[in-house]
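Look over the chain from end to end before reading on.

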Amino acid sequence: LPQVELVGQDPVVLKAVTPVRPSVDLGDYKSVRVESEGKVVEDKEVDEVVERLRYDSAPWEPVDKTAKFGDLLTIDVDGWLENKRISQERSVDYVLRQDSALPLKGFSVHLEGLSKGAEKEFDLTIPDDYPDPAMVGKECRFKVCVHEVKEKRLPDLDDDFARSLGEDYGTLAALQERVRQDLQRALDREEAQRVQEEAEIGRASCRERV
């Protein structure tokens with residue numbers, strides 16, 4: 001609202017002060033354009049998802065062979081640190097992964113090649129990146145007994161496999177198409193978000209320059 005002040009009575013003189021809308025130059029913000037890259041899902045991305053579904057749906061089955069990376073072992077584990085017992089676990093399921101840091105780096109490497117009924121003792125040094133610095137450099141002794149070795153028996157990559165995942169997939173081609181559509185929708189959402197964020201950055205830059 002305007003502010004009115006009486007500054008004279010004969011004749012009457014009024015002074016009014018009223019706010020006006022400021023003039024702001026926003027710059028050429030309308031010219032900010034961010035083009036979509038129009039990304040399309042590649043066949044290898046579809047294949048990777050289908051293979052992951054194939055692996056996840058496969059059961060673990062006992063096998064009479066030596067363990068290799070990727071197998072599932074059922075083991076007993078005893079551990080000692082400086083002659084003090086720190087672990088005593090029984091019938092633990094342990095997926096044999098070469099890069100595993102559980103319970104310590106290198107533990108899984110010592111289990112490769114073992115078979116059902118095998119026992120093995122070995123030492124490991126606690127590494128420099130261990131969460132507790134006071135433990136770094138200390139020696140741990142482990143004793144492992146293998147009760148069972150299991151491996152994944154992957155199903156054939158065919159229509160039967162597709163149908164095993166649900167009634168919506170009558171064929172392998174239908175499964176692959178659904179995977180492609182889901183991946184494309186996720187990719188489109190990600191691209192739309194990128195375009196929006198870059199456009200906002202561009203408009204903010206225009207405002208800062210004025």
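A disulfide is a pair of cysteine sulfur atoms within 2.5 Å. This model, which is predicted, holds zero disulfides. Two of the cysteines can still be placed. Buried means under 20% relative accessible area. Cys140 has 4% relative accessibility, so Cys140 counts as buried. Cys145, at 18%, therefore counts as buried too.

Now take the protein as a whole. Its secondary structure consists of four helices and seven strands. Read from the N terminus, the order of the elements is β-β-α-β-β-β-α-β-β-α-α. Among contacts with a separation of 6 or more, 59% join residues 24 or more positions apart. The accessible surface is about 14,700 Å², and carbon and sulfur atoms account for 48% of that surface. Of the 210 residues, 27% are buried.

What happens to nonpolar side chains? In soluble globular proteins, they tend to be buried together. In this model, the largest nonpolar core has 22 residues. The members that touch the most others are Leu73, Ile75, Phe107, Leu111, Phe122 and Phe142. Strand 4 (72-81), helix 2 (107-111), strand 6 (119-125) and strand 7 (139-152) each give two or more residues to this core. Strand 7 supplies the largest share, five residues.

Phe142 shows how such a residue is surrounded. Beyond its neighbours within four places in sequence, Phe142 is in contact with residues including Val77, Pro103, Leu104, Phe107, Phe122 and Leu124. A second, separate core has eleven residues, among them Val50, Tyr169, Val179 and Leu187.

Key. Residues are numbered from 1 along each chain as its sequence is written. This is a predicted model: local features need pLDDT of at least 70, side-chain atom pairs count only at pLDDT 80 or more; totals for chains, interfaces and linings use all residues. Side-chain values use heavy atoms; hydrogens and water are left out. Buried means under 20% relative accessible area, exposed over 50%, partly exposed in between (1.4 Å probe, protein chains only). A nonpolar core is a set of buried Ala, Val, Leu, Ile, Met, Phe, Trp, Tyr and Cys residues joined through side-chain atoms within 4.5 Å. Contact means heavy atoms within 4.5 Å. Accessible areas come from the Shrake-Rupley method with a 1.4 Å probe; for residues, only the protein chains shown count as cover.
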